[in-house]
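Take a moment with the chain below. We will walk through a few of its side chains, then visit a pocket.

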Amino acid sequence: MSDLTLTKIRFRNGIWEGLISNAQGTGVRPDISVMFRDQPVPGVELHEGEAAGEWILQVPIPAEAIADGVQSFVVFDTPSSTRLGDFTLIAGDAASDDLRAEVELLRAELDMLKRAFRRHCQETG
């Protein structure tokens, strides 16, 4: 279980930014991964924040994610495979109470569980 927390800062100019808190002190970079369609997002940056234990996460939105429909991104603490948070892009015709985003998040979490289960089977087998 991870003690890290993720708080959204802003989304502008194609870059989603968040604040990672409760990291293990100054200078110890947390191992964070951002997944889109079960693939790591390239170009993710992590910069040390102003306070101790805080890091600024910057996620550039890939061009293939800018399309009609619902596109979900999931942020993980890589060592523990703990989901820290997520964000969703919706483009095109979107209903006000759209469940597609929730289904996409469930799929992303299911993919994460499958990876963790396979890794567990390899380690214990």
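With which side chain does the side chain of Glu 17 make a polar contact? The partner is the side chain of Gln 58, at 3.5 Å. Keep in mind that this is a predicted model.

Glu 17 sits in strand S2, which covers residues 15–21. Is Glu 17 buried or exposed? Its relative accessible area is 10%, and buried means under 20%, so Glu 17 is buried. Now look at what surrounds Glu 17. Leaving aside neighbours within four places in sequence, Glu 17 is in contact with Lys 8, Ile 9, Arg 10, Leu 57 and Gln 58.

Next, turn to the rings. The structure holds three aromatic pairs. One of them is formed by Trp 16 and Phe 87. Their rings are stacked, 4.4 Å centre to centre, with 5 degrees between the planes. Trp 16 belongs to strand S2 and Phe 87 to strand S8 (residues 82–91), 71 residues apart. Phe 87 also stacks with Phe 73, at 4.8 Å centre to centre and 5 degrees between the planes. Phe 73 lies in strand S7, 14 residues from Phe 87. Trp 16 and Phe 87 are buried, and Phe 73 is buried too. Ring pairs link Trp 16, Phe 36, Phe 73 and Phe 87 into a cluster.

Phe 36 leads on to the second largest pocket, as one of its lining residues. This pocket holds about 150 Å³ of space. Strand S3 (32–36), strand S7 (69–77) and helix H1 (100–124) each give two or more residues to its lining. Which element gives the most? H1 does, with five residues. By class, the lining has five nonpolar, one polar and six charged residues.

Notes. Residues are numbered from 1 along each chain as its sequence is written. This is a predicted model: local features need pLDDT of at least 70, side-chain atom pairs count only at pLDDT 80 or more; totals for chains, interfaces and linings use all residues. Side-chain values use heavy atoms; hydrogens and water are left out. On a 1 Å grid over the protein atoms alone, a cavity is a set of points where a 1.4 Å probe fits but cannot get out, and a pocket is an open set with protein on both sides within 12 Å along at least five of seven lines; lining residues have an atom within 4 Å of a point. Grid points are joined across faces, edges and corners, and a volume is the space filled by probe spheres set on the points. Helices (H or I, at least four residues) and strands (E, at least two) are DSSP runs, numbered from the N terminus. Ala, Val, Leu, Ile, Met, Phe, Trp, Tyr, Cys and Pro count as nonpolar, Asp, Glu, Lys and Arg as charged, and the others, Gly among them, as polar. Buried means under 20% relative accessible area, exposed over 50%, partly exposed in between (1.4 Å probe, protein chains only). A polar contact is a pair of N or O atoms within 3.5 Å; within protein, one must be able to donate a hydrogen and the other to accept it, and residues adjacent in sequence count only if both atoms are side-chain atoms. Contact means heavy atoms within 4.5 Å. Rings of Phe, Tyr and Trp (its six-membered ring) pair if their centres lie within 6.5 Å; planes under 30 degrees apart count as stacked, over 60 as edge-to-face and the rest as tilted.
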